[in-house]
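Please read them with the structure open.

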Amino acid sequence: MDAEREVLDVLARNAREDIDDIAAQTGLDAAAVADAIDALEADGVVHGYQAVVDWGRVDEGKIRAVVEINVELDRETGYEQVADRIAKFPAVDALHLVSGDYDFAVEVLGENMQDVSEFISEQVAPMPAVTQTVTHYIMETYKDGGIRFEDGDDDDRLSVSP
């Protein structure tokens with residue numbers, strides 16, 4: 001798994017690296033890198049490759065929200081069943097079981113705030129196990145997927161006022 005872990009670390013930083021570049025960074029040969037990638041995909045460690053999009057820079061961007069969901073479980077329903085049901089919706093970008101004041105943290109992507117609100121109120125909130133939802137709309141994203149979104153202003157100096 002050491003070779004696979006080294007390859008995985010490189011892919012996590014930049015999934016567009018080609019096999020020869022990964023080989024140079026890890027000290028492995030290209031065939032070993034290709035085998036490691038195949039094994040990581042076959043074992044379900046790597047599920048896919050995605051671009052990290054700064055939707056704020058797209059003319060018709062998307063609205064992202066983080067939704068806290070509380071559930072009440074019964075003998076027939078567990079967290080897995082609730083998660084399976086929520087995860088099936090295309091609007092759900094990420095779903096996490098969390099500790100703390102609520103049970104699930106759900107990242108939702110929509111065309112606009114109304115789209116997200118309707119999804120939560122019409123699809124998620126009516127589920128029998130769901131007892132409460134709290135929606136937080138993302139106003140600005142500074143870092144996502146480990147990538148810092150820059151504003152293009154290279155001047156990092158602090159303002160000085162008299």
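1. A definition comes first. A pocket here is an open set of grid points where a 1.4 Å probe fits, with protein on both sides within 12 Å along at least five of seven lines. Lining residues have an atom within 4 Å of a point. Keep in mind that this is a predicted model.

2. The largest pocket has a volume of about 920 Å³. Its lining counts 25 residues. Tyr49, Gln50, Ala51, Val52 and Gly145 are the closest to the pocket centre.

3. What is the lining of the largest pocket made of, in terms of nonpolar, polar and charged residues? There are 14 nonpolar residues, five polar and six charged.

4. Which elements supply that lining? Helix H1 (2–13), S2 and S3 each give at least two residues. The largest share comes from H1, with four residues.

5. The domain assignment gives domain 1 (1–43) and domain 2 (63–144). Their centres, taken over C-alpha atoms, are 34 Å apart. Each of these domains contributes at least three residues to the lining of the largest pocket.

6. Now the hairpin. Strand S2 (residues 92–97) pairs with strand S3 (residues 104–110) in the antiparallel sense, over five bridges. Alanine 94 sits opposite glutamate 107 of S3. Six residues lie between the two strands. Among them is glycine 100, with a positive phi near 115°.

7. Valine 108 belongs to strand S3. Is valine 108 buried or exposed? Its relative accessible area is 0%, under the 20% cut-off, so valine 108 is buried. Setting aside residues up to four places away in sequence, valine 108 touches Ile63, Arg64, Ala65, Val67, Ala91, Asp93, Val116, Phe119 and Ile120. Alanine 42 is another matter: valine 108 and alanine 42 are 66 residues apart in sequence and 28 Å apart in space, C-alpha to C-alpha.

8. Alanine 65 lies in strand S1 (residues 63–71). Alanine 65 also has a relative accessible area of 0%, and is therefore buried. Beyond its neighbours within four places in sequence, alanine 65 contacts Val106, Glu107, Val108, Val116, Thr135, His136, Tyr137 and Ile138. Alanine 65 and aspartate 93 are 28 residues apart in sequence, yet 9.8 Å apart in space, C-alpha to C-alpha.

9. One point links the last two. Val116 is on the contact list of valine 108, and Val116 is on that of alanine 65 too. Valine 108 and alanine 65 also touch each other.

Key:
Residues are numbered from 1 along each chain as its sequence is written. This is a predicted model: local features need pLDDT of at least 70, side-chain atom pairs count only at pLDDT 80 or more; totals for chains, interfaces and linings use all residues. Side-chain values use heavy atoms; hydrogens and water are left out. Domain bounds come from an automatic or database domain assignment. Two strands pair if DSSP finds at least two bridges between them. On a 1 Å grid over the protein atoms alone, a cavity is a set of points where a 1.4 Å probe fits but cannot get out, and a pocket is an open set with protein on both sides within 12 Å along at least five of seven lines; lining residues have an atom within 4 Å of a point. Grid points are joined across faces, edges and corners, and a volume is the space filled by probe spheres set on the points. Ala, Val, Leu, Ile, Met, Phe, Trp, Tyr, Cys and Pro count as nonpolar, Asp, Glu, Lys and Arg as charged, and the others, Gly among them, as polar. Buried means under 20% relative accessible area, exposed over 50%, partly exposed in between (1.4 Å probe, protein chains only). Contact means heavy atoms within 4.5 Å.
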